[in-house]
Amino acid sequence: MGFTHGPYRGIFRLQHTAPARIPGLLRAGKVDVGLIPSIEYLGLPGAELLPHLCIASKRRVRSVYLATRLPLERIRSVALDLNSRTSVALLKIVLWHRGVRDAAFHERAPSLKEMLRDHDAALLIGDAALTAETSGLLVHDLAAEWFALTGLPFVFALWAVRPGVVLPDGVRPFLESRRIGMANIRQIALQAGDDLKIASGSIESYLKTNIHFYLGSRSAGVSGCFSGRPSSWA
């Protein structure tokens, strides 16, 4: 919000795309800075991370989950949201610890009904996860599963700057944008509720309780651990 309405509006040319595509754009030099799935950082040699910023969850995230009609231990095929990267790695860790070692994974468009038509389970993230009808299904929140395994928060996304790029005013515009966004969560929730056709109160609670935007020590909000708002925030 700060980049469109705050004092730093106009400093960057904004490009909206799925987080899964951003690492490739950084590698190709088509963007200078982007919000990347945290698992992708190791595949960006020389990239710098902007400090103190992330998209993370301390306990339950609500927007990244596995939906299934079967117990986890019986899952043998999983449909994956095309936009997922970090979440796929997290899911495989969770399934491994549940004894699922031979599941097949296939990327699919994020439609829960279609994904479950020929798969035992479906991984959804972002808007698709928040708006999907999950009545009658077992829903496994992946941040909650990670916390149960490790006792740690989970970092889903980080801001990365491609090698050789010097940002105008460094990290300050990003910190200011976060400050403005945090101060206007109710307004953001009202707009998102209209766009997604769900209650704005649910979105407001999600942004205040389920998602955390501070990377640092536990006392600062989120511990640095293994690594959206929904995917439209890319």
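R186 is exposed, with a relative accessibility of 56%; here buried means under 20% relative accessible area, exposed over 50% and partly exposed in between, calculated with a 1.4 Å probe on protein chains only. The model is predicted, so local features are given only at pLDDT of at least 70 and side-chain atom pairs only at pLDDT 80 or more, while totals for chains, interfaces and linings use all residues. Residues are numbered from 1 along each chain as its sequence is written, and side-chain values use heavy atoms, with hydrogens and water left out.

R186 meets the side chain of E204 in a salt bridge, with an N to O distance of 3.4 Å. Because E204 belongs to helix α9 (residues 200-210) and R186 to helix α8 (residues 185-196), this pair ties together parts that are 18 residues apart in sequence. Helices (H or I, at least four residues) and strands (E, at least two) are DSSP runs numbered from the N terminus. E204, at a relative accessible area of 14%, is buried, whereas R186 is exposed.

## Other salt bridges

The structure holds 11 salt bridges, each defined as a side-chain nitrogen of Lys or Arg within 4 Å of a carboxyl oxygen of Asp or Glu. One of them joins D32 to R162, whose closest N and O atoms are 2.9 Å apart.

An α-helix has 3.6 residues a turn, so residues three or four places apart point the same way. R179 is partly exposed, its relative accessible area being 47%. Elsewhere, salt bridges link R27, E40, R85 and E107 in a network.

## Aromatic rings and charges

There are four aromatic pairs in the structure. Rings of Phe, Tyr and Trp (its six-membered ring) pair if their centres lie within 6.5 Å; planes under 30 degrees apart count as stacked, over 60 as edge-to-face and the rest as tilted. The ring centres of F12 and F174 are 5.4 Å apart with their planes at 50 degrees, so this pair is tilted. F12 lies in the loop between α1 (2-5) and α2, while F174 lies in helix α7, so the pair ties together parts that are 162 residues apart in sequence. F174 is buried, at 4% relative accessibility. F12 and F174 form one aromatic cluster with W159.

Two charged side chains lie over aromatic rings, where NZ of Lys or CZ of Arg must be within 6 Å of the ring centre and within 35 degrees of the ring normal. The charged end of R101 is over the ring of W96, at 3.7 Å from its centre. K92 lies over the face of F105, 4.9 Å from the ring centre.

## Helix α6

Helix α6 (residues 142-150) has L142, A143, E145 and W146 as its buried residues. These four cover an arc of only 160 degrees around the axis, which puts them on the same side of α6; the arc is that of the directions from the helix axis to the C-beta atoms. The buried residues of α6 pack against β3 (53-57), β4 (64-68), α3 (86-97), β7 (121-125), β8 (138-141) and β9, with contact meaning heavy atoms within 4.5 Å.

At the N-terminal end, D141 caps α6, with a side-chain oxygen 3.1 Å from the backbone nitrogen of A143. Such a polar contact is a pair of N or O atoms within 3.5 Å; within protein, one must be able to donate a hydrogen and the other to accept it, and residues adjacent in sequence count only if both atoms are side-chain atoms. Just after α6, G151 has a positive phi of about 75 degrees.

## Backbone features in loops

H52 is not a glycine, yet its phi is positive, at about 75 degrees. H52 is placed in the loop between β2 (48-49) and β3 and is partly exposed at 45% relative accessibility. D169, also not a glycine, has a positive phi of about 65 degrees. The loop between β9 and α7 contains D169, which counts as partly exposed at 42% relative accessibility.
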